[in-house]
Amino acid sequence: ESQAKLIESLANALAINPDVKLICRLAHTIKGCASNFGVDALSELAGKMEEDCNAMEAKRQTGSRIRP
């Protein structure tokens, strides 16, 4: 995917019925692309987004196992 398409995909994933797994994957990809191009601020931001998404997904999975 092109970098512009990644950003568009991320915006769509956030706007329409948020898909946490997709957002995690896109954030990870953006983090790597930004790092490769030396855009450290974007890489750090995407890394934080990836961490937050992973934490949300882990919490969701843990919560779903606890419920009857």
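A disulfide is a pair of cysteine sulfur atoms within 2.5 Å. In this predicted model, the count under that cut-off comes to zero disulfides. Cys24 is in no disulfide, and the nearest cysteine sulfur to its own, that of Cys53, lies 4.0 Å away. The protein has three helices and zero strands.

**Cysteines**
- Cys24 is buried, because its relative accessible area is 9% and buried means under 20%.
- Cys53 also counts as buried, with a relative accessibility of 6%.

**Fold and dimensions**
- Read from the N terminus, the order of elements is α-α-α.
- Along the principal axes, the C-alpha atoms of the protein fill a box of roughly 45 × 20 × 15 Å.
- Of the contacts in the protein with a separation of 6 or more, 40% are between residues 24 or more positions apart.

**Burial and surface**
- The protein has 68 residues, and buried residues make up 25% of them.
- Its accessible surface comes to about 4900 Å².
- Carbon and sulfur atoms hold 58% of that surface.

**Charge**
- There are 9 positive and 9 negative side chains in the protein.
- The centres of the positive and negative sets lie 10 Å apart.

Technical notes:
Residues are numbered from 1 along each chain as its sequence is written. This is a predicted model: local features need pLDDT of at least 70, side-chain atom pairs count only at pLDDT 80 or more; totals for chains, interfaces and linings use all residues. Side-chain values use heavy atoms; hydrogens and water are left out. Buried means under 20% relative accessible area, exposed over 50%, partly exposed in between (1.4 Å probe, protein chains only). Helices (H or I, at least four residues) and strands (E, at least two) are DSSP runs, numbered from the N terminus. Contact means heavy atoms within 4.5 Å. Accessible areas come from the Shrake-Rupley method with a 1.4 Å probe; for residues, only the protein chains shown count as cover. Lys and Arg count as positive and Asp and Glu as negative; His and the chain ends are not counted. The place of a charge is taken as NZ of Lys, CZ of Arg, CG of Asp or CD of Glu.
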